[in-house]
Amino acid sequence: MNEPDGGRRHIRVVVADDQELIRAGLRMVLDARPDLTVVGEAADGVEAVAVATRTRPDVVLMDVRMPRQDGIAATRELVAAGSPARVVMLTTFDVDEHVYAALRAGASAFLLKDTRPNDLAEAVRVVARGDALLAPTVTRRLLDRFAGRLPGPPPAADRALAALTAREVEVLTLTARALSNAEIAARLHLSTATVKTHVSAILTKLGLRDRIQAVVLAYDTGLVRPEPPAG
């Protein structure tokens, strides 16, 4: 990333939404911040992949539902191509099976379309840093609700777990159960630094982009089972 005035990292963003008015609004919000710049727009998933491939942004704001190719398929294509861009899905509903499908496809987070401008800008910064925007508890709520409704994961997902040590499997399991690094450390009688090292090793060995992807894989492989609805 380039450094804008003041030394802050400059974050390049692509906006993909089939509604021109929404794209214009998102561009206005982001371009008003000195460290954020919209470098491209797309009206559907096919354009989103092409624009992101050409401009190599740090973050793609991707609408879930678009013509020709939806945001989920576009995200899957970008991730498969090795794009370094972090994808943030834009949705109308906060708990939606399309959101779960998007996380499985490789999205790093999702935002509601009515998110306040300052929150939107900060979310882009958080995701660009490689941090998880979606709280593990929210991720787990999504997975508990929708994990059993979609086609099964690719066979490679099950084989991937064989690359982990027994301790790493423990850490992954607790991560998927929405425990923080500090909580995992206390449960396993480890230091927080050691847990962070294990989490990094898990992401590297499994070829995952972030902690949220690790949680999705834990559910997909059956390492963690969805909890039945309360009551």
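Predicted model: local features only at pLDDT ≥ 70, side-chain atom pairs only at ≥ 80, totals over all residues.
Me: Which residue takes a positive phi just after α11?
Reply: Let's step past the end of the helix. Just after α11, a positive phi of about 85 degrees is found at G222.

Me: Which residues touch the most other members of the largest nonpolar core?
Reply: This core has 27 residues. Two or more residues come from each of β1 (11-16), α2, β3, α3 (71-80), β4 (86-91), α4 (97-105) and α11 (211-220). The residues touching the most other members are V60, M62, V87 and M89.

Me: Which element gives the largest share of this core?
Reply: We can look at how many residues an element supplies. The largest share is 6 residues, and the element that gives it is α4.

Me: Which residues does V60 touch, leaving out those up to four places away in sequence?
Reply: V60 is one of the residues that touch the most other members of the largest core. Leaving out residues up to four places away in sequence, V60 touches V14, A52, A85, R86, V87 and V88.

Me: How many residues are in the other core, which lies apart from the largest one?
Reply: Among the members of this other core are V171, V195, V199 and A214. The number of residues in it is 22.

Me: Is D63 buried or exposed?
Reply: D63 sits in strand β3 (residues 59-63), and the unreviewed UniProt entry lists D63 for "modified residue: 4-aspartylphosphate". Not counting residues up to four places away in sequence, D63 touches A16, D17, D18, G71, M89, L90 and K113. Its relative accessibility is 5%, so D63 counts as buried.

Me: What is the distance of the polar contact that joins the side chains of D44 and R68?
Reply: D44 is found in the loop between β2 (36-42) and α2 (45-55), while R68 is in the loop between β3 and α3. D44 is buried, with a relative accessible area of 7%, whereas R68 counts as exposed at 65%. A polar contact joins their side chains at 3.0 Å.

Me: How far is the backbone nitrogen of E47 from a polar atom of the side chain of D44?
Reply: The side chain of D44 also has a polar contact with the side chain of R68. From a polar atom of the D44 side chain to the backbone nitrogen of E47, the distance is 2.8 Å.

Me: What is the relative accessible area of H189?
Reply: H189 lies in the loop between α9 and α10. Phi of H189 is near 60 degrees, a positive value in a residue other than glycine. H189 is exposed, with a relative accessible area of 72%.

Terms used: Residues numbered from 1 in each chain as written. Heavy atoms only, no water. UniProt positions renumbered as here; feature names shortened; annotations may be inferred. Helix = DSSP H or I, 4+ residues; strand = E, 2+ residues; numbered from the N terminus. Buried < 20%, exposed > 50% of the residue type's maximum accessible area, 1.4 Å probe, protein only. Contact = heavy atoms within 4.5 Å. Polar contact = N/O pair within 3.5 Å; in protein donor to acceptor, adjacent residues only side chain to side chain. Core = buried A, V, L, I, M, F, W, Y, C linked by side-chain atoms within 4.5 Å.
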